[in-house]
Amino acid sequence: MPELPEVETITRQLRPHLEGRILEGVEILDPRWCVPDDAAATEQALIGRRILALQRRGKHLVWRTDAGTLLLHLRMTGTLLVGADADVPYQRVVLTLDDGTVVRFCDPRRFGTGRYFADDADATAHLDARLGPEPLGEAFDGAALYAAVHHRRSPIKALLLDQLVVAGVGNIYADEALFFAKVHPQRPGDRLTRAQCALLAEGVRVSLEHGIASGGATIDDFRHVDGVEGWFQNDFMVHRRAGLPCPECGTPVTKRVVGGRGTYSCDRCQPRPRARRTTAVR
């Protein structure tokens, strides 16, 4: 699934094409894209709207118009392509701008979504109810992370994927951040110290910024708006490197499942947590 760096990359690439332009044509080819809203009503609401600003919140693309907000989520396999051929496969939505530019939302697995809110405040409230602090903003630091996890016994890897703990972090960047902080992905949240949380928050920021600088990571389907792949996958420290030597100590990287997700770590650089002590019942 595209994570924060991939969505940020798409947002930045779309801005010069879309900001200030008018949506002259909106064709929703797959009504499931805007469920629970009606496809025809969504088309009519968007046609004629001027796009004022493109933003990102977590993994969502936020299109602010002169009359409402469109929220897009790429999910696992969604891509937004500018100037792609008319017969490009898996098209679900076609957007035509007043200068003739055509943006096509393609999504082979059909998980991506688009929701239009006539009131900007409703769109913001929709996001705020589902997302925690932005990891690249001032609200996210070691203290904020410690406050969010210190009372929870779930593995820290699973907690980093909880969008209410921190917005936009997914499987790739959680693995990379945990390696940066030398924290094992199975360590329970309530067993992280304040110092570890501070280092882990820094690791989240560093890994995300590196991902953005690299144009995101392409594992399967992620593409830039011109169809080009990202290249952060070439710089992974541990993610998808099972059996390969750790770049710092040479120990083979281990793959395991944590919180239902394939997880990669170096068990030497990131020591496994000890089992909790149990009190014998007499």
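This section describes the helices, strands and nonpolar cores of a predicted model.

Residues are numbered from 1 along each chain as its sequence is written, and side-chain values use heavy atoms, with hydrogens and water left out. Local features need pLDDT of at least 70 and side-chain atom pairs count only at pLDDT 80 or more, while totals for chains, interfaces and linings use all residues.

The buried residues of α7 are C197, L200, A201, G203, V204, S207, L208, G211 and I212. Buried means under 20% relative accessible area, exposed over 50%, and partly exposed in between (1.4 Å probe, protein chains only). Down the axis of α7, the buried residues fall within an arc of 160 degrees, so they line one face of the helix. The arc is that of the directions from the helix axis to the C-beta atoms. An α-helix has 3.6 residues a turn, so residues three or four places apart point the same way. The face of α7 turned away from its buried side carries the exposed residues A195 and A213. The buried residues of α7 pack against α1 (4–18), α4 (142–149), α5 (156–161) and α6.

Helix α6 covers residues 171–181 and contains A174. A174 counts as buried because its relative accessibility is 1%. Its contacts (heavy atoms within 4.5 Å) are K157, L160, L161 and V169, not counting residues up to four places away in sequence. A174 and L160 are 14 residues apart along the chain, and their C-alpha atoms are separated by 6.3 Å.

The largest nonpolar core has 27 residues. Such a core is a set of buried Ala, Val, Leu, Ile, Met, Phe, Trp, Tyr and Cys residues joined through side-chain atoms within 4.5 Å. L145, V149, I156, L160, L200 and V204 touch the most other members. Helices α4, α5, α6 and α7 each supply at least two residues of this core. L145 touches F140, L160, V165, C197, L200 and A201, again not counting residues up to four places away in sequence. Apart from this core lies another, of 26 residues, among them W33, V82, V93 and Y116.

Strand β7 (residues 102–106) is mostly covered, with five of its five residues buried. In a regular strand the side chains alternate between the two faces of the sheet. Both faces of β7 are covered. V102, R104 and C106 lie on one side, and V103 and F105 on the other. Strand β5 (residues 79–82) runs antiparallel to β7 and is joined to it by four bridges; two strands pair if DSSP finds at least two bridges between them. T79 has C106 in β7 as its bridge partner. Strand β6 (residues 91–97) also pairs with β7 in the antiparallel sense, over five bridges. Here T96 stands opposite V102. The hairpin of β6 and β7 has four residues between the strands, and G100 takes a positive phi near 95 degrees.

A second hairpin is formed by β9 and β10, with two residues between the strands. Strand β9 (residues 254–258) and strand β10 (residues 261–265) pair in the antiparallel sense over five bridges. V257 stands opposite G262 in β10. G259 takes a positive phi near 60 degrees in this hairpin.

H73 is buried, with a relative accessible area of 6%. The H73 side chain reaches the backbone nitrogen of R75 at 3.0 Å. This is a polar contact (a pair of N or O atoms within 3.5 Å; within protein, one must be able to donate a hydrogen and the other to accept it, and residues adjacent in sequence count only if both atoms are side-chain atoms). L71 is buried at 5% relative accessible area. L71 and L61 are ten residues apart in sequence and 5.8 Å apart in space, C-alpha to C-alpha. Leaving aside neighbours within four places in sequence, L71 is in contact with residues including A123, H126 and L127.

Those three residues are the buried ones listed for helix α3 (residues 120–128). Seen down the axis of α3, the buried residues fall within an arc of 95 degrees, so they line one face of the helix. Their cover includes β2 (51–57), β3 (60–65), β4 and β8 (113–117). At the start of α3, a side-chain oxygen of D119 reaches to within 2.8 Å of the backbone nitrogen of A121.
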